Amino acid sequence: MKKRILITGAAGFLGSHLCDKFIKEGYHVIGMDNLITGDKRNIEHLFKLENFEFYHHDVTTFVHVPGNLDYILHFASPASPIDYLKIPIQTLKVGSLGTHNLLGLAMVKKARILIASTSEVYGDPLVHPQTEDYYGNVNTIGPRGVYDEAKRFQESITMAYHRFHGLETRIVRIFNTYGPRMRLNDGRVIPAFIGQALRGEDLTVFGDGSQTRSFCYVDDQVDGIYRLLLSDYAEPVNIGNPHEITIRDFAEEIIKLTGTDQKIIYKPLPQDDPMQRQPDITRAKALLDWEPKVSREEGMRKTYEYFKSLSEDELYRSEH
Ligand code: NAD
Ligand code: UDP
């Protein structure tokens, strides 16, 4: 019998890559998504397969799936700052009510559930690099609070189900991940810079560009999540690439990669934009024998190839 896995957020960037991974590993995959920020085209190639099903459903309402389930991956949530600022209430609901529904489903099905948390639970961190035992520095009432606090609640309710009901739970704290199938207009820095380079526009660095991020290629991220799901560890685990860079230097790298003759222009820094971010992955190395393998150079080359292959129409539709 094939193992059966439910993946929420299946039509999104990470969800669609996770569907591919579990299909490849021989699972029966049930994808669920309400398409609020996702795109069916990300999983179109799976529709013809016998071991793939898709439910168009909003997980903040009661979730029903026929048959047994061995695993649940809860990845549904707006994930980019412009998305969650545009739909703040849905963001809070999918992290709270959505997670509650899926934990309930996991109880009924006796399934193991892994939830997608984020480096944003550390807010604008005062500890660097961030270890899992750092409690974070989040502005609860700031604009980003809708995402950060939904994810913090998600972690708390997941641990409560684990401790109170003995449910098998896993929590991954995902750090900035990139690769093919990111949306050109999702506002995140990689699609933003590459889209600008392809359209012949200047690259918009927010603030003075001294803030840092650490970018993880999607294949490495998916491998880390896969290992965590199959591990026996219920506490949160950071999965990300510790190779840190300032946003200004990163813009220079994109200018080189794309060969554009555009320049960098500076725009105001959004409120509560974290100044630095780098995962401490000691725990993932020790428990999962995992570390990232894809260099930024290689990952960015593949990502650029993907964006270059999009039609002119998509490229210009993505302006906002
Ligand atoms: P994405 O926007 O590409 O995918 C999210 C998917 O969830 C979309 O397809 C969307 O339509 C779906 N969705 C949203 N609300 C829903 C609802 N109520 N019901 C059903 N489906 C719903 O984003 P992503 O980058 O793939 O992120 C996936 C998950 O990983 C999110 O939970 C996000 O918080 C987490 N995460 C991602 C990153 C990253 O760098 N990509 C970093 C940290 C955490
Ligand atoms: N950023 C930028 N220009 C852009 C988009 C983003 O300088 O056009 C910056 C943003 O202010 C942040 C960093 O790039 O400091 C990463 O932003 P992103 O939205 O990708 O992710 P997050 O802030 O959630 O890490």
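In the predicted model, I7 is in contact (C-beta atoms, placed from the backbone, within 7 Å) with G15, L18, C19, V29, G31, L73 and F75, when neighbours within four places in sequence are left aside. I7 is also listed with I72, I113, V172 and F193 as the residues that touch the most other members of the largest nonpolar core, which holds 67 residues. Such a core is a set of buried Ala, Val, Leu, Ile, Met, Phe, Trp, Tyr and Cys residues joined through C-beta atoms within 7 Å, where buried requires 20 or more other C-beta atoms within 10 Å of the residue's own, all placed from the backbone. The largest share of this core, six residues, is supplied by α5, helices being DSSP runs of H or I of at least four residues and strands runs of E of at least two, numbered from the N terminus. A second, separate core of five residues includes Y84, V146, Y147 and A150.

Around ligand 2 there are 15 residues, of which R188, V189, A192, T204 and F206 are the closest; a residue is near if its C-beta atom, placed from the backbone, lies within 6 Å. Both α5 (189–199) and β8 (203–206) supply at least two residues of this shell, with β8 giving the most, three residues.

The chain averages a pLDDT (the predictor's confidence in each residue, from 0 to 100) of 97, and 99% of the residues score at least 70, while the model scores ipTM 0.98 and pTM 0.98. Residues are numbered from 1 along each chain as its sequence is written, and chains are lettered from A and ligands numbered from 1 in the order in which they are written. Local features need pLDDT of at least 70 and side-chain atom pairs count only at pLDDT 80 or more, whereas totals for chains, interfaces and linings use all residues.

Note on methods. Buried ≥ 20, exposed ≤ 12 C-beta atoms within 10 Å, placed from the backbone. Contact = placed C-beta atoms within 7 Å.
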